[in-house]
Amino acid sequence: MSDDTFDAIVVGAGPAGSACAYTLAKEGRSVLLLDRGNSAGAKNVSGGRLYTYALELVEPGLYERAPLQRKIVREQIMLMNDRGATTVDYFDPGFGEAVPQSYSVIRAALDEWFAGEAEAQGAMVAPGVVVDGLIEENGRIVGIRTGEDEMRADVVVAADGVNSLLGQKAGLFPDVKASAVGVGVKETIELPDELISARFGVKEGEGAARVAIGCTEGISGGGFLYTNKGSISLGIVFNPEQAGRQTRHIQDIFQDYKMHPAIHALIEGGTSVEYGAHLVPEKGYHGIPKQLSRDGFVVVGDAAQFGINTGLIIRGMDLAIVSGLAAAKAIIAAKQPADVGTLYRQQLEELLLIANQQAYQNFHGIFEISRIFREYPALANDAMQFLFRVDGKKPKPMLKGLLDIVKRNVSFGKLLGDGWKIYRHI
Amino acid sequence: MPKFLVLYKWTLDEQDIKVKSDDLSLDASRAKGKISDFDRNAIEEAAAIVEKQGGSVEALSYGTPTVKQSLKDVLSRGVDKAYWIGDASAETADAAVTAKVLAAAIRKIGPYDFILTGEGSSDQFNQQTAPRLAALLGLPCLSFVHKLEVDGAKASVARKLADCTELATVTGPAVISVLSDINKPRIPGLKQVLGAAKKPSEEIALGSLGLAAEDLQPKASRRSVKGFVMTRKNVIYKDAPADAVAKLVSSLAGEGLI
Ligand SMILES: Cc1cc2nc3c(=O)[nH]c(=O)nc-3n(C[C@H](O)[C@H](O)[C@H](O)COP(=O)(O)OP(=O)(O)OC[C@H]3O[C@@H](n4cnc5c(N)ncnc54)[C@H](O)[C@@H]3O)c2cc1C
């Protein structure tokens, strides 16, 4: 390595960038990992559940060194109306067997740890550096610019997140469109650890992950909640276009979610310690840009719009890690920088990232059914109320009662139509 | 060409320290280290002078073993070489102990023309290190400096006092403590950050300084640190504006505030 040239410069020390830098450094490549935060992850607020398999792909056992919060053993789906909530709770303490399937994480801690691991493998880590341009020569990307400084590399890896300035500068895709992203707001609320375990019915070190539907005033989106060590991450993700047409402010909708009796009982007495907002890629497979590389340049993670949202599962970090790994493997295997793009595609296939994206490729269409976000959760709660109500009055016949509830919330025609639409998209 | 030594303290970033609401104790578990604010000005001043007129800047810090984490940062700010003394005694050291340790280290690695430091540290703000150190080394001390010009071994300073400015000159060696308005510390660029990795640093073992046990024994010891919370009255007047203002004014007057 000459003074100013690296095998790779990785921009962004989120999960994608650190996974890439870690793998490259471990193979003895000279790699520079840059992040604009004062320390890696300092600005990353996303809520968090990390699917462990991704770290296992990078290196078996790596997850055991990570600052993980609680092993998720309860998966919960909560359908809300303004009175109450119907919650489905799947409890499986052995989920994932030998390697637990997923953990809640706090990004600031996770990102700092992962960048530190990359540094320990020999990567040069420089926080507090904003990359503001690319150096291009003869149609090739040969380095980056930051302020007055230039730095060169065989390959620049853009791991700079959902609104990837570098991907745009390289001409791979235009600025993000509001229709392609969700906006997430998230708050971290501190509570005594034992109290969290008690409220969620889990043991120390084990935790719950919950999605909430029906808390967004009909806007396409949903709520989430994760239990951490000594804190709860709580937030909502919603469609910004629909939210823009709304008269109510998002912070008010979020506040209502927090104050909803079914949520408030879980966070009561806690102290809010962190608040943030961030974009999430929403289009799944169809949102991935056609071109993920140029000569001397690849995009990974959110920058490549990798993401899966099934309504029940939000995945971004794991795909970020897998794609960072794929880019690193491509760079290691490439005889010359021009080969990296094709090898990267191959690795994304081999590591099954593309197959995962494809499996859910039409899910996004389901979220166009607006009734999912208000009418159906309300219907579920009305049905529950009907089934459990005992007041001494003459009950309606069971079937008629339920049909009336369906009719009151949606029409049969819509129910059938929506059912068909969901069936088609799955 | 002037030879500078800048003394800096590796403190906790107060932004991340929380005051616990029940007993006002401090929770620093999330707090990261940083170079104390005014010391950053001292480093910048020495580095800028040397970048303009030549010379050299070295830096020295005495702290707990975590002080080692400061090296990358300090070396990316225009410092040529960093010395560090990482010892648990720093946890309880008072200003007298700190000055003795620094003086002993300077006798070992010196001499320097100008020893710069911040007026006070972001955590304790004792404002004692510079004068105590100067006394121990038998050097002149100029504090509250907000302008500094160096010409060979001679320095001209402006000292910012309560309601006037004092201009003074001194011939080195001298100890100078600076205020935050003397300059705007740089945000190190990528080249400076990468360059820092190649610059030398040297650990000085506390034991090698020939200090007696009593020198390291603080005479002042801290009993507790507690957060300071302003208790608010939380009164909101919801009447029509004119009435609300009248009530507010009479309430403030009642408190003797206006
Ligand atoms: C509210 C919310 C909840 C979420 N919940 C989950 C979840 O539970 N599970 C899950 O798997 N995913 C979740 N996601 C998605 C997940 O956060 C992302 O998919 C993941 O962070 C992508 O990682 P990344 O490394 O690609 O990008 P990022 O994590 O966004 O990292 C990009 C990094 O690049 C840096 N950077 C950007 N531009 C520059 C520049 N010009 N110069 C220098 N540095 C730069 C940034 O500082 C940042 O550190 C959630 C997202 C949100 C918003």
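In β10(A), A:Asp149 is the residue opposite which A:Thr146 stands, helices (H or I, at least four residues) and strands (E, at least two) being DSSP runs numbered from the N terminus. The model is a predicted one, in which local features need pLDDT of at least 70 and side-chain atom pairs count only at pLDDT 80 or more, whereas totals for chains, interfaces and linings use all residues. Residues are numbered from 1 along each chain as its sequence is written, chains are lettered from A and ligands numbered from 1 in the order in which they are written, and side-chain values use heavy atoms, with hydrogens and water left out.

The strands β9(A) and β10(A), the latter covering residues 149-158, pair in the antiparallel sense over four bridges, pairing being assigned if DSSP finds at least two bridges between two strands. These strands form a hairpin with two residues between them, and A:Gly147 in the turn has a positive phi of about 55°. β9(A) is also joined, by five bridges, to β8(A), and these two strands run antiparallel, with A:Ile135 standing opposite A:Gly143 in β9(A). The hairpin of β8(A) and β9(A) likewise has two residues between the strands, and A:Asn138 takes a positive phi near 50° there. Strand β9, which comprises residues 140-146 of chain A, is mostly covered, five of its seven residues being buried; buried means under 20% relative accessible area, exposed over 50%, and partly exposed in between (1.4 Å probe, protein chains only).

A:Asp132 is placed in the loop between β7 (124-127) and β8 (133-137) of chain A, and counts as partly exposed because its relative accessibility is 37%. When its neighbours within four places in sequence are left aside, A:Asp132 is in contact with A:Arg145, A:Thr146, A:Gly147 and A:Lys169, contact meaning heavy atoms within 4.5 Å. The side chain of A:Asp132 reaches the backbone nitrogen of A:Gly147 at 3.4 Å. Such a polar contact is a pair of N or O atoms within 3.5 Å; within protein, one must be able to donate a hydrogen and the other to accept it, and residues adjacent in sequence count only if both atoms are side-chain atoms. Between the C-alpha atoms of A:Asp132 and A:Ala21, which are 111 residues apart along the chain, the separation is 20 Å.

Another part of chain A is organised around strand β6. In a regular strand the side chains alternate between the two faces of the sheet. In β6 (residues 102-105) of chain A, A:Ser102 and A:Ser104 point one way and A:Tyr103 and A:Val105 the other way, and all are buried. Strand β3 (residues 49-51) of chain A is joined to β6(A) by three bridges, the two running antiparallel, and A:Tyr51 stands opposite A:Ser102. Strand β4 (residues 68-80) of chain A also pairs with β6(A) in the antiparallel sense, over two bridges, and A:Tyr103 is the bridge partner of A:Lys71. A:Ser102 itself counts as buried because its relative accessibility is 1%; leaving aside neighbours within four places in sequence, the residues in contact with A:Ser102 include A:Arg49, A:Leu50, A:Tyr51, A:Arg70 and A:Lys71.

A:Gln357, in helix α11 (residues 353-359) of chain A, is buried, since its relative accessible area is 1%. A polar atom of the side chain of A:Gln357 lies 2.9 Å from the backbone nitrogen of A:Gly307, and the contacts of A:Gln357, with neighbours within four places in sequence left aside, are A:Gly284, A:Tyr285, A:Ile288, A:Phe306, A:Gly307, A:Ile308 and A:Leu319. A:Phe388, by contrast, is found in helix α13 of chain A and is exposed, because its relative accessible area is 65%.

Together with A:Met384, A:Leu387 and A:Met398, A:Phe388 forms a nonpolar patch on the surface with about 430 Å² of accessible area, to which helix α13 (residues 375-388) gives the most, with three residues. Accessible areas come from the Shrake-Rupley method with a 1.4 Å probe, only the protein chains shown counting as cover for residues. Patches are made of residues with over 30% relative accessible area and no salt bridge, like charges being joined within 9 Å and nonpolar side chains (Val, Leu, Ile, Met, Phe, Trp, Tyr) within 5 Å; a salt bridge is a side-chain nitrogen of Lys or Arg within 4 Å of a carboxyl oxygen of Asp or Glu.
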